[in-house]
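Here is a short briefing to read alongside the model. Have the structure open and follow the topics in turn.

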Amino acid sequence: MSEFSFKNFVKNIEPKWQDHWDKKECFKAFQPGQPGSEKPKYYCLDMFPYPSGDGLHIGHPLGYTATDIVSRFKRMNGFNVLHPMGWDAFGLPAEQHAIKKGVHPAITTKKNIETFKRQLKSLGFSYDWSREISTIEPSYYKWTQFLFKKLYEKGLAYQAEVAVNWCAALGTVLANDEVIDGKSERGGHPVVRVPMKQWILKITAYAERLLADLDKVDWPESTKEHQRNWIGKSVGARVSYKVKSHPDKFIEVFTTRVDTLMGVSFIALAPEHPWVSEITSAQNKNSVLSYVKESQSKNELQRTDLNKDKSGVFTGAYAVHPVTQKEIPIWVADYVLMNYGTGAVMGVPAHDERDHEFAEKMSLPILQVIDEEKGVLINSNSDSLKLDNLSISKGVETIVGFLESHKLGQKHTTYKLRDWLFARQRYWGEPIPVLHVVDGPQKGAVRLLSDDELPLELPAVEKYEPTGTGESPLAGVKNWLETKDPITGFAARRETNTMPGSAASSWYFLRYMDSTNNNEPWSKESEKYWGPVDLYVGGSEHAVGHLLYSRFWQKVFFDLGLVSRDEPFQKLVHQGMILGEDGEKMSKSRGNVINPDAIVSEYGADSLRLYEMFLGPLEKAKPWQTKNIEGVYRFIQKFWRILTQDSEALAPYVKKSSESDCSPELLKVLHKTIDQVTADIEGLRFNTAISAMMILVNELQTHLNEKQFVPHDVLEKTALLLAPFAPHVSEEAWSLLGHSESLSRGPWPVADKSKIQEDSFNLAIQVNGKLRASVPCSKNLSEAEVKKMALELEAIQKWTEGKEPKKVIYVKGKLLSIVL
Ligand code: ANZ
């Protein structure tokens, strides 16, 4: 078959099978109670894409092919597989794209979804498209709003004036995970901290469980560690220092090293600490005020940078040491952050690097109180507490005991995790389902919309660009904005902020379980059946964003009795990045971007799928090489040729018959391949599975070349093995081999281990205890036959010299020992 016709053949069969799968609902997942649901379930999930204007990136099919292989494999193994797809279509990227194109996001997003869907279909992924979701549909975001209400009712959503990450260029606030090194993750624009009234979700209430439950899931260790660090648990103590000039005021500090209490030589407050101006003495007022002002222009990163010079200013006030009652100067220093711990620290220059620098610069005393080598307290005795020579842990215990009994401190655990900023001053997001009463006796009250008012639809507007003022474009939509308080009848305004991009993605995996339910986001029954996601594949960039938020929502839903388990994703895998041919990250500006459409049209989807899987281990970064696709392309061609080429001449060698007619060598390769491909798919080692199948197909070719028999059975099993990877050509082969039903539900071939076993082994032969020969020996030989063979060997006769052995001992499959 010529190259040209094979190309046409591929062009022909791929859409044909895609249509067939659609029409016959080959990938339908059966709801609990339906026929088919009695099978074991398997939930295999991709991170759903945001449908960008660029269409599918060559990196998308990497993870998607991996989950597709697993989904197809599980289906063929008798599982009821849930493998869904949808669109994460609200949010900043979609809006930015629309702004760039000058076309309303509702229009661009719809168009992009169509492109994405066409592209995904052209790759032959086995999604149950009847469960498709799109987060911008009111039928979907109705439930996002409903779930927000649940969080609010549980006290986990609140409004507060907080310092937020404001990005003027994007015209919106950003969540902490959207800010990298003081710049917006998207676009790299500067981000500054400004106070704003915001909706916030209390993820910190779940910090401990989010941390502890990481032990329950099968995730990459690096991702768990990333979450652990992001949650940032610190176990320590709070200590109260009385302010000498204001005896009713106690400055609370948080410390992880309460054992160093006797080495404190100053207290430092964050510039934003509420007591700064109150405790500052008259003489110091001006210098303190100007310092505070100056620090506002620095971001958190600049302030905490270890390499930066420490700065600060003395307030003129003193604190009282809780044990010695000595005076300790109170400073303001911008390396102390207001949003961590209590916004105040006790400075221990001898044992903390930043405090040390600060003390040196300000000429404050540096007193060593721990012998770090011995791990004991020193210089720490006072009239009221004898601490010297205590171990650090004993020291902590004694000091905390003292502080507690004097009501001057207690053990305390703190987390770096911040509450989740849940409002964006943007148009393209879910409206937050609340009203603000603006008139009447209950002015200022916040009302949740009732369930039957949901969805609160996003109004159609002409101007959707950020206003730049910090207010959402929705604030300009008068007829939508102004409404009435249902309770008092007085004027009310709708909330104009929208939800962040990560709202919809925090629960979409639950919606797939019951995507057409109009009465609830999902039924308990469907969650009980489908949960948790058995395999989740997606990018590691979501480690502390989406993957943390979803765990939080799942736990809240668990506490509300809406779901039956408190972790959403049992096994998580991150696919590696596909780099450009030049080994660099693919980007338009580098001009090294590969378009999947072009590859599919040249080589077909099966080749693209095989190639991406053959590139290397799923998790690794690897460069793309278009010319190497030829390798997998030829592999499929070879398989097809074996099935069809010279069929008349070869017919006698490929007849309908059973394996028993087949040569043991071929059977061995076949069953080895079945065994390996099965284990490799389970272990997500797709590249080695493909290598194994290549060996098998070569073996088939060799057999035919030598006019040896290749039974029909063997060809069938080869097609089945290949099906998860290259489903189109496998279906075509399966039908050519006489099947009228799709192979999408199996049967998956089972390896016959007895056929795999090596049929020869190395026999070691000893004469009088000394190794004299080592020869290959067939496993089928009896003990007598082995003895006879050994004694006839020249290498042995040299030693036996014709003598009759006194004893011959045979250790089966290993050793023959001849005693003369
Ligand atoms: C005294 C001390 C002595 C400290 C010592 C450390 C070493 P982690 O482990 O990251 O939680 N700290 C507390 N609140 C702070 C704030 N708002 N801004 C900046 N620094 C703050 O760090 C806890 C330690 O960081 C605390 O323990 C405190 O310094 C400082 F030898 O107290 B430590």
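Helices (H or I, at least four residues) and strands (E, at least two) are DSSP runs, numbered from the N terminus, and axes are lines fitted to C-alpha atoms, for helices over the stretch in contact, with angles running from 0 to 180 degrees between N-to-C directions. This is a predicted model, in which local features need pLDDT of at least 70 and side-chain atom pairs count only at pLDDT 80 or more, while totals for chains, interfaces and linings use all residues. Residues are numbered from 1 along each chain as its sequence is written, and side-chain values use heavy atoms, with hydrogens and water left out.

**A helix pair**

- The axes of helix α19 (residues 629–644) and helix α24 (residues 727–736) come within 11 Å and cross at roughly 5 degrees.
- The two helices, α19 and α24, are therefore roughly parallel to each other (angles under 35 degrees count as roughly parallel, over 145 as roughly antiparallel, 65 to 115 as roughly perpendicular and the rest as oblique).
- On the α19 side, the contact is made by Ile-636, Phe-639, Trp-640, Leu-643 and Thr-644; α24 brings Val-729, Glu-732, Ala-733 and Leu-736 (contact means heavy atoms within 4.5 Å).
- Sorted by class, the contact of α19 with α24 has seven nonpolar, one polar and one charged residues (Ala, Val, Leu, Ile, Met, Phe, Trp, Tyr, Cys and Pro count as nonpolar, Asp, Glu, Lys and Arg as charged, and the others, Gly among them, as polar).

**The second largest pocket**

- The second largest pocket has a volume of about 360 Å³. On a 1 Å grid over the protein atoms alone, a pocket is an open set of points where a 1.4 Å probe fits, with protein on both sides within 12 Å along at least five of seven lines; grid points are joined across faces, edges and corners, and a volume is the space filled by probe spheres set on the points.
- Its lining holds 17 residues, of which Gln-159, His-436, Glu-495, Thr-496 and Asn-497 lie nearest the centre (lining residues have an atom within 4 Å of a point).
- The elements giving two or more residues to this lining are β9 (192–201) and β23 (491–494), and β9 gives the most, with four residues.
- By class, the lining of the second largest pocket divides into three nonpolar, nine polar and five charged residues.

- An open sheet of four strands runs in the order β21-β20-β23-β22, with antiparallel pairing (two strands pair if DSSP finds at least two bridges between them).
- The edge strands of this sheet are β21 (446–448) and β22 (482–484), each of which pairs on one side only.
- Neighbouring strands of this sheet are turned by 40 degrees against each other on average, direction ignored.
- Three bridges link β22 and β23 in the antiparallel sense, and Glu-482 stands opposite Arg-493 in β23.
- Another open sheet has four strands in the order β2-β1-β24-β25, and here the pairing is parallel.
- At its edges stand β2 (80–82) and β25 (572–573), each with a single partner strand, so one side of each is left without a neighbour in the sheet.
- Strand β1 (residues 41–46) pairs with β2 in the parallel sense over three bridges, with Tyr-43 opposite Leu-82 in β2.

- Strand β10 (residues 233–243) pairs antiparallel with strand β18 (residues 409–415) over seven bridges, and Ser-234 stands opposite Thr-414 in β18.
- Seven bridges also join β10 to strand β11 (residues 246–255), again antiparallel; Arg-238 stands opposite Phe-254 in β11, and the two strands form a hairpin with two residues between them.
- With strand β13 (residues 312–320), β10 pairs in the antiparallel sense over two bridges.
- Strand β28 (residues 760–767) and strand β29 (residues 770–778) pair antiparallel over eight bridges, forming a hairpin with two residues between them, where Asn-768 in the turn has a positive phi of about 50 degrees.
- Four bridges join β28 to strand β31 (residues 815–819) in parallel, and Ala-764 has Leu-815 as its bridge partner in β31.

**Backbone details in loops**

- A cis peptide bond joins Leu-454 and Pro-455, with omega about -5 degrees; Pro-455 sits in the loop between β21 and α13 (478–481).
- The peptide bond from Gly-746 to Pro-747 is cis, with omega near 10 degrees, and Pro-747 lies in the loop between α24 and α25 (753–756).
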